[in-house]
Amino acid sequence: MKYMINISILSLTIASLFACSDGSENPPAEDPKGDVSMYVTTSNRSQDFKKQAVDFSDEQSAMSITLKPTERFQTMDGFGAAVTGSSAFNLLKMTAENRKKFLTETFSPTEGMGYSYIRVAIGCSDFSLSEYTCWDDKEAGFGLTPEETDYVIPVLKEIIAINPTIKILASPWTCPIWMKERVDDNPWTGGHLKKEYYGDYADYFIKWIQAFKAQGINITSVTPQNEPLNDGNSASLHMDWEEMGEFVNLHLAPKIKASGLGTKVYLYDHNYDVADYPLNIYKSGVDNDVVAGAAFHDYGGQIDALNYVHQQAPGKELIFTETSIGTWNNGQDLSVRLMADMEYVALGTVNRWCKAVIVWNLMLDSDMGPNRPGGCQTCYGAVDIFRGNFKDIKRNSHYYIIGHLASVVKPGATRIGSEGNTESGIIYSAFENTDGTYALVLMNNTSGNKKITVNSGSKKFTYEVPSRGVVSYRWTK
């Protein structure tokens, strides 16, 4: 009995960390009125993606930011998170009512943050319910598995109903194991794709994209391999740049083009520290109608690699496709992570030419799962849901940083120039949306509140940005 009481106390303690986070106890307040709509989040959670407004005025503060709309940079595709098998599993443990509420708050362009890009796995990832591909039996042929049909696809359909324009990026962690050269006793981990199966593997991509299309789910883009230089994941495949170049140029790109699917290919999909990987493939000659650019993660190297790749290949796109929080970087401590992730994941990638920013798992449970042995077992999600009731949610830094971008920077927006009379720790990026609005996303990583005037030509406004806070602004030109 004593053991049972202690377990109950532990459960109550864990639940308290997640309590009151689904918002059901507090009905939403009426939207504030003003010329400029805003969302504010502070590292101490005193303001939790709070919607506010401010009016245009002639007030001029000592610090200011001026938009320069004639300076045009990249067009934005969107911002989001990965709907892995694990994320879909956790979402479907929620009640239908609570799940719809959370998905609406996250993905609705009108009633929520407006997440606009999703990443999914082609087959399993290290956050799946098992190791598998959709063509495990060579003789039986291709077929979707229960992870897709029972979990991922139903969740994607619910999201598409909320945001019909959502973009989806798909990445494989491994080819079917009968297509790879074995390197050890675990056929799922490492190994190379046998050249004799390059054509079959390209067919696998086409069949998978077509199978999702048949379910009403359009795949915007793919990467040929998640982390091609990481042999150690629970499911993985090694692809040197020469291998990926040959596979894409001679097999995948021609078959995508012939299929008429219109799916784009992004090369590499790995860390900053081998930035020449996609550049080498570009030099080998790629189909520019299919190969859009390159994708990056941030587990190695420096973020300025993005500028380097853009300088070397300015006609190619850049997207950021994965980053994680976990026990190793105080992933659930917003006072630590909000400023760092806003600077180096959100604004840092956008200000270095990325058209999209996608973080890793949208939702994990309070035990950091489900996850696969050999993969990350110390990762948190953008949000974590309490396993005791699959209702209470803890929102982490990745949820907020994507929300601050997606809420005001809409697909098709153009990043524009801006200059400021500010100080170190004030970091920002400005955009022009296609609907005639401007957007500005700004962080104040200083110890004090900072009153800042924003000037967009004939209109300006002043707002005091809280210390260690993030503010997203949107206003009509």
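**Charges over rings.** I looked up Lys477 and found that this residue lies over the face of Tyr438, 5.8 Å from the ring centre. The model I am reading is a predicted one. I then turned to Arg415, whose charged end sits over the ring of Phe73. The distance to the centre of that ring is 4.2 Å.

**Aromatic pairs.** How many aromatic pairs does the structure hold? I noted 26 of them. I took up Trp173 and Trp360 from among the ring pairs. Trp173 is in the loop between β6 (167–172) and β7 (180–181), and Trp360 is in strand β14 (residues 354–361). The pair therefore ties together parts that are 187 residues apart in sequence.

Are these two tryptophans buried or exposed? Trp173 has a relative accessible area of 2% and is buried. Trp360 comes to 5% relative accessibility and counts as buried. Buried here means under 20%.

Next I looked up Phe461 and Trp475, an edge-to-face aromatic pair. I wrote down 5.0 Å from centre to centre and 75° between the planes. Phe461 belongs to strand β23 (residues 460–465) and Trp475 to strand β24 (residues 469–476). The two residues are 14 apart, and their pair links distant parts of the chain. I found both Phe461 and Trp475 buried.

Which residues do ring pairs link into a cluster? I listed Phe142, Tyr198, Tyr201, Tyr204, Phe205 and Phe247.

**Gln52.** I found this residue in strand β2 (residues 50–54). Its relative accessibility is 17%, so I counted Gln52 as buried, the limit being under 20%. The side chain of Gln52 makes a polar contact of 2.3 Å with that of Gln47. I then set aside the neighbours of Gln52 within four places in sequence and looked up its contacts. They are Pro32, Val36, Ser37, Met38, Val40, Gln47 and Tyr463.

**A span from the record.** I checked UniProt, where an unreviewed entry lists residues 412–473 as "domain: Glycosyl hydrolase family 30 beta sandwich". In the model I found this span to be 65% strand and 0% helix. I noted 17 Å between the C-alpha atoms at its two ends.

Notes
Residues numbered from 1 in each chain as written. Predicted model: local features only at pLDDT ≥ 70, side-chain atom pairs only at ≥ 80, totals over all residues. Heavy atoms only, no water. Phe/Tyr/Trp six-rings, centres within 6.5 Å; stacked < 30°, edge-to-face > 60°. Helix = DSSP H or I, 4+ residues; strand = E, 2+ residues; numbered from the N terminus. Buried < 20%, exposed > 50% of the residue type's maximum accessible area, 1.4 Å probe, protein only. Lys NZ or Arg CZ within 6 Å of the ring centre and 35° of its normal. Polar contact = N/O pair within 3.5 Å; in protein donor to acceptor, adjacent residues only side chain to side chain. Contact = heavy atoms within 4.5 Å. UniProt positions renumbered as here; feature names shortened; annotations may be inferred.
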